[in-house]
Amino acid sequence: MIAQAIEDLLASKQTDFIISADKVANVLDENYLDHALLVLTKVRYAKIPVLDKGQHFKGLLSLAMITEKMLGLEGIDPSVLNQHQVKEVMQTEVPIVTVPFDLENVLHLLVDQAFLVVVDRNEIFKGIITRREIMKGVNYVAHKLEQEYELFPKNYGKAEND
């Protein structure tokens, strides 16, 4: 359980944690892999969200998933990319959070993920929460905690031999 003072300070920054969908590079599940390769190369991200035409979140796509499709017995064959769609190679088993989200759950999930996908209750993609944005919040708490709260050690005022 997060200490109440820390949760309150982080909650004041909670809207800053989500990078909105309109600022996040993505591809459609029906896009061909040659297009997805161009997008991933241009934005230089390790993974990007995959959406359907209705903006519902469907999965994640990485450069490694695309290059795996190009590998053959004779070497690398990029000509196959225009024959396969994103939905054939995307990762579908990924943790997601729904708005409104539980901050403690987000902190636990970000231990193993660079970012989390945020959706609404209809699974419409709303954006992502990155470790970077959470770390900015932690930095805020580290600098603001003693300005907002008086902190005392638990053994404050006790004799050493009690």
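What follows is a short chat about the predicted model shown above.

Q: Before we dig in, what kind of model is this, and what pLDDT do local features need?
A: This is a predicted model, where local features need pLDDT of at least 70, side-chain atom pairs count only at pLDDT 80 or more, and totals for chains, interfaces and linings use all residues. Residues are numbered from 1 along each chain as its sequence is written, and side-chain values use heavy atoms, with hydrogens and water left out.

Q: Great. How much space lies in the largest pocket?
A: About 240 Å³. A pocket here is an open set of points on a 1 Å grid over the protein atoms alone, where a 1.4 Å probe fits, with protein on both sides within 12 Å along at least five of seven lines. The volume is the space filled by probe spheres set on the points, which are joined across faces, edges and corners.

Q: How do the lining residues divide: nonpolar, polar, charged?
A: Ten are nonpolar, one is polar and two are charged. Ala, Val, Leu, Ile, Met, Phe, Trp, Tyr, Cys and Pro count as nonpolar, Asp, Glu, Lys and Arg as charged, and the others, Gly among them, as polar.

Q: Which way do the pairs run, parallel or antiparallel?
A: One of each! β2 and β3 run parallel, joined by two bridges, and Val27 has Val50 in β3 as its bridge partner. β3 and β4 are antiparallel over five bridges, with Lys47 opposite Ser62 in β4.

Q: What about the hairpin between β3 and β4, which residue there has a positive phi?
A: Gln55, near 70°, in a hairpin with five residues between the strands.

Q: Where else is phi positive in a residue other than glycine?
A: Arg44, near 60°, is one of them, and Arg44 sits in the loop between α3 and β3. Glu123, near 65°, is another, in the loop between β8 (115-119) and β9. Arg44 is exposed at 74% relative accessibility, while Glu123 is partly exposed at 45%. Exposed means over 50% relative accessible area, buried under 20%, and partly exposed in between, with a 1.4 Å probe and protein chains only.

Q: Switching to α4: which of its residues are buried?
A: Met65, Ile66 and Met70, in a helix covering residues 63-70. Because they cover an arc of only 145° around the axis, they lie on the same side of α4; the arc is that of the directions from the helix axis to the C-beta atoms. Ala64 and Glu68 are exposed on the other side.

Q: Last one: which peptide bond is cis?
A: The one from Val99 to Pro100, with omega near -5°. Pro100 is in the loop between β7 (96-98) and α5 (103-109).

Technical notes:
1 Å grid on protein atoms, 1.4 Å probe; cavity = no way out; pocket = protein on both sides within 12 Å on 5 of 7 lines; lining within 4 Å. Helix = DSSP H or I, 4+ residues; strand = E, 2+ residues; numbered from the N terminus. Pairing = 2+ DSSP bridges.
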